[in-house]
Amino acid sequence: MPELQPLRPDHADRLLTFETDNRAFFARTVEDRGDDYFTTFPGHHQAVLDEQAQGRLRFHVLVADDGEILGRFNLYDLENGTAEVGFRLAEKATGKGVATAALRELCDRAKGYGLRSLRAVADVENRGSRRVLRRAGFVRTGETSFWRGLDDEFLIGGELRVRRLGFGAMHLSPDDGDVVRRAVDLGVTLIDTAYLYGWGANEELLARTLWPYRKELLVTTKVGVARPGRLDGRPEVLRAQVEAALKRLRMERLDLLQLHRVDPEVPLADQVGTLADLKEQGKIGHIGLSEVTVEQLAEARGIAEVASVQNRYNLLDREHEAVLDACEAAGIAFLPWRPVLPAVGGLAAEFGATPAQLGLAWLLARSPVILPIPGTSKIAHLEENVAAGAIRLTQAQRARLA
Ligand SMILES: NC(=O)c1ccc[n+]([C@@H]2O[C@H](COP(=O)([O-])OP(=O)(O)OC[C@H]3O[C@@H](n4cnc5c(N)ncnc54)[C@H](OP(=O)(O)O)[C@@H]3O)[C@@H](O)[C@H]2O)c1
């Protein structure tokens with residue numbers, strides 16, 4: 001397996017060969033320092049090492065088993081907790097997931113350098129770079145700009161900044177306000193609810209407890225199920241449910257509104273089209289889907305931008321692996337429901353975690369686009385779940401769990 005190594009003096013000759021051989025294949029992701037910066041290698045090598053020593057640049061090379069350099073991955077201008085990412089890859093190493101793995105590794109290293117987020121620039125025609133950035137958890141924030149939070153942040157729809165470990169409000173009864181208040185106090189910024197949960201009572205509880213909302217808090221709800229519990233995706237029903245949710249949640253706009261289920265009786269285009277109209281009218285900010293197939297996701301994305309997908313997924317239930325992969329490739333947030341695992345007791349003890357924590361830590365490590373929304377009505381469980389955000393699984397542990 002190729003290994004990402006911080007630049008060392010002994011890399012100079014091989015790096016010069018790499019830069020010369022792969023001049024044409026330059027996956028530019030930032031306003032790079034220009035080819036001249038590298039053509040003068042190894043003369044310039046010391047300057048790069050000096051910058052690295054001063055902490056202004058972190059230069060890494062991707063080294064194959066036989067010692068050949070396959071790529072370079074750089075972090076530039078490490079300021080205010082943010083750095084720019086640039087990389088160049090040997091043509092022979094493209095299309096094999098090598099760049100994605102290296103970029104993910106670079107993100108892990110970046111945390112170690114004390115960085116909180118990364119930026120990148122990739123032109124529209126630079127499809128390879130854009131794909132690699134997305135697969136490594138970067139989201140698009142402009143025509144050519146990308147962003148990735150390190151540790152625990154994600155930008156839903158390239159805009160709504162949340163901490164990745166969220167909270168599902170489904171299990172709360174109307175007098176459980178203290179649980180959700182504690183969740184927010186613990187730093188949770190993503191709370192999931194739905195009209196279905198108590199036919200609006202769950203949304204009312206959130207508004208009663210949390211309004212006026214902290215500006216960093218995202219409360220997201222779902223429509224598309226009607227009383228007494230049947231799917232109803234007719235446009236007039238979706239519109240009425242959105243209006244009612246706005247009132248109950250005391251919001252002028254639902255920043256993220258999810259379609260709870262695709263109603264098979266109504267064309268998908270009508271359901272997603274209605275949400276797109278509501279977005280146009282400013283009633284909703286971003287559109288999410290729930291329990292969709294890869295095909296439905298693709299069809300919906302042909303109609304409107306999809307910012308999130310909420311499907312059932314956990315360590316022991318991987319039915320929607322392909323949907324997760326599609327979300328990861330597109331930089332779409334994936335909110336797995338049923339993330340808490342009661343059934344991995346022995347294994348969890350081995351990892352020094354509780355079963356719930358192991359399941360959540362595995363999800364967070366599984367993909368940077370995963371935003372788990374564990375639900376509980378007990379403060380002790382809530383605290384345990386939030387603490388899972390701090391658990392770091394090693395590569396070997398992840399592999400073993402997978
Ligand atoms: N889109 C959809 O179709 C859909 C479907 C279902 C749910 N959801 C959403 O996803 C969220 C999570 O899904 P979920 O509620 O089905 O599954 P979950 O969060 O995996 O499991 C919740 C259950 O696990 C228990 N639990 C939570 N933390 C625990 C811990 N640390 N130790 C032991 N038990 C713990 C809870 O009981 P206690 O109250 O006793 O802690 C609750 O019964 C929901 O709240 C809802 O917002 C969406």
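Biologist: How many bridges join strand β11 to β12?

Modeller: First, this is a predicted model, where local features need pLDDT of at least 70, side-chain atom pairs count only at pLDDT 80 or more, and totals for chains, interfaces and linings use all residues. Residues are numbered from 1 along each chain as its sequence is written. Helices (H or I, at least four residues) and strands (E, at least two) are DSSP runs, numbered from the N terminus, and two strands pair if DSSP finds at least two bridges between them. Strand β11 (residues 190–192) runs parallel to β12, and the number of bridges joining them is 3.

Biologist: Which residue in β12 is the bridge partner of Asp192, and what handedness does the crossover have?

Modeller: In β12, Asp192 has Thr220 as its bridge partner. From β11 the chain passes through helix α7 (residues 201–210) to reach β12. A crossover counts as right-handed if, with the strands pointing away from the viewer, the path from the first strand over the helix to the second runs clockwise. This β-α-β crossover is right-handed.

Biologist: How many of the residues of β12 are buried?

Modeller: A residue is buried if 20 or more other C-beta atoms lie within 10 Å of its own, exposed if 12 or fewer, and partly exposed in between, with C-beta atoms placed from the backbone. On one side of β12, Leu218, Thr220 and Lys222 are buried, and on the other Val219, Thr221 and Val223 are too. For the strand (residues 218–223), that is 6 of 6.

Biologist: Which element gives the most to the side of domain 1 that touches domain 2?

Modeller: The C-alpha centres of the two domains lie 33 Å apart. Their contact (C-beta atoms, placed from the backbone, within 7 Å) takes 9 residues from domain 1 and 6 residues from domain 2. On the domain 1 side, α5 (127–135) and β6 (139–140) each give two or more residues. The one that gives the most, with 3 residues, is α5.

Methods: Domain bounds come from an automatic or database domain assignment. Two residues are in contact if their C-beta atoms, placed from the backbone, lie within 7 Å.
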